[in-house]
Amino acid sequence: MPNRKNIAILCSGGDVSGMNAALKRFVEYSIAKGLTPYFVESGFEGLIDNKIYQAGYSDVAGIISRGGTKIYTSRSKRFMEQVYRKKAIDNLKSHQIEHLIVLGGDGSFKGIQVLNNESEGIGFSGIPSTIDNDIAGTEYCLGVDTALNVIKYAIDSIRDTASSFGRAFVIEAMGRECGYLALVSALTSGAEMCLIPEIPYKLDKYKERFEKEIKEGREYFIAVVSEALKNSEEIAQWFEKEIGVESRITVLGHIQRGGNPTVYDRLMAFHFVTNAIDGLLEGETCSIVCYSACGFHHKSIDDVAFKKYQIDSDLLKLGMEYGHAR
Ligand code: F6P
């Protein structure tokens with residue numbers, strides 16, 4: 001029997017729902033392609049500490065419906081130092097690993113570019129995985145759909161109590177520096193206000209509109225704000241002082257990162273991993289699997305991790321209608 005080549009996978013940075021589905025596909029598709037799959041636990045930290053082991057079907061049985069990642073993740077500070085990266089490369093070599101797939105965000109992709117420069121004979125492939133959906137070059141990152149559905153459920157529930165009391169709720173969504181989660185959540189849950197860093201807003205415009213709506217019978221407000229703006233407290237105060245409505249703040253926090261992955265995220269996990277493995281087998285040595293309406297394609301790390309993500313202009317236009325035109 002010919003020597004089976006070894007392929008490994010790790011999760012890095014914030015976990016997302018759909019990572020376990022990706023691990024399942026990874027094991028099953030690797031074996032189908034004649035490769036031997038390995039798991040690296042705890043991201044780049046585990047790579048440094050040699051937490052690498054061969055994976056089989058039993059390791060991925062029953063995990064598809066679980067959020068988070070069975071193989072743990074980390075944000076590794078040691079990986080910034082060359083001495084630890086050398087350990088990581090030596091560990092990969094000691095297991096004869098020829099391909100490494102990394103699920104993570106742009107920081108993790110910069111990490112694999114450095115690893116690629118400092119090693120020989122190992123191919124790297126990145127799969128965009130972050131609820132923030134803030135990676136340039138791809139229209140979708142694994143985990144976003146599940147996070148949006150968690151937020152949708154939370155906002156729908158908050159609306160029940162907001163309407164019962166006639167209050168304003170300021171709901172803070174994650175996204176790091178990017179307003180994508182907040183914008184899509186505000187639009188799809190019918191929020192009255194949406195504040196994100198990508199769209200300048202005028203509170204006076206909102207005030208004008210809200211006063212008119214109150215006269216017409218509006219009794220409560222839902223405001224979705226991006227964590228990037230760090231102004232939830234200020235906006236809650238504004239509702240009390242300027243609009244005259246009692247307010248509450250809900251910081252959704254890490255609940256947005258967990259939960260049973262949606263069908264879409266499970267399917268996307270399958271497609272991302274299939275494309276990553278196919279690319280590596282076809283000779284891609286250091287690329288990111290990106291998604292657009294035209295399908296999946298491989299892009300260089302320079303085109304992904306070193307460019308700024310821009311929210312789609314049609315979505316931004318919808319967002320502009322909030323504090324401006326209406
Ligand atoms: O990048 C994902 C994310 O959940 C961001 O939305 C958030 O700002 C950050 O991670 C939180 O990081 P931590 O889990 O380290 O608190």
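Which residue's backbone oxygen lies 2.9 Å from a polar atom of the side chain of Arg 85? The residue is Met 80. The pair falls under the definition of a polar contact (N or O atoms within 3.5 Å; within protein, one able to donate a hydrogen and the other to accept it, with residues adjacent in sequence counted only if both atoms are side-chain atoms).

The model is predicted: local features need pLDDT of at least 70, side-chain atom pairs count only at pLDDT 80 or more, and totals for chains, interfaces and linings use all residues. Residues are numbered from 1 along each chain as its sequence is written, and side-chain values use heavy atoms, with hydrogens and water left out.

**Domains**

Domain 1 comprises 5-143 + 261-308 and domain 2 comprises 145-257; such bounds come from an automatic or database domain assignment. Their centres, taken over C-alpha atoms, are separated by 35 Å. Contact (heavy atoms within 4.5 Å) joins 15 residues of domain 1 to 12 residues of domain 2. The two domains bury about 1200 Å² between them, 47% of it on carbon and sulfur atoms. Buried area here is the accessible area (1.4 Å probe) that two parts lose on being put together, summed over both.

**The sheet**

Helices (H or I, at least four residues) and strands (E, at least two) are DSSP runs, numbered from the N terminus. An open sheet of 7 strands has the order β3-β2-β1-β4-β5-β10-β11, with mixed pairing. From one strand to the next the twist averages 25°. Two strands pair if DSSP finds at least two bridges between them. Two of the pairings are tabulated below.

| Strands | Sense | Bridges |
|---|---|---|
| β1 (residues 5-11) and β2 (residues 35-40) | parallel | 5 bridges |
| β4 and β5 | parallel | 6 bridges |

Ala 8 has Tyr 38 of β2 as its bridge partner, and Val 102 has Gly 126 of β5.

Strand β5 is largely enclosed by the rest of the structure, because 6 of its 6 residues are buried. Buried means under 20% relative accessible area, exposed over 50%, and partly exposed in between (1.4 Å probe, protein chains only). In a regular strand the side chains alternate between the two faces of the sheet. From β5, Gly 123, Ser 125 and Ile 127 point one way, while Phe 124, Gly 126 and Pro 128 point the other way.

Helix α1 (residues 19-32) lies across β1, β2 and β4 (97-104) and runs at about 155° to β2. Helix α10 (residues 263-281) lies across β1, β2, β4, β5 (123-128), β10 (286-292) and β11, at about 160° to β5. Axes are lines fitted to C-alpha atoms, for helices over the stretch in contact, and angles run from 0 to 180 degrees between N-to-C directions.

**Individual residues**

Arg 85 belongs to helix α4 (residues 82-94) and is buried, with a relative accessible area of 10%. Not counting residues up to four places away in sequence, Arg 85 touches Phe 79, Met 80, Val 114, Leu 115 and Glu 118.

Most residues other than glycine have a negative phi. Ser 42, not a glycine, has a positive phi of about 60°. Ser 42 sits in the loop between β2 and α2 (43-48) and counts as buried at 14% relative accessibility. Gln 96, also not a glycine, has a positive phi of about 50°. Gln 96 is found in the loop between α4 and β4 and is exposed, with a relative accessible area of 56%.
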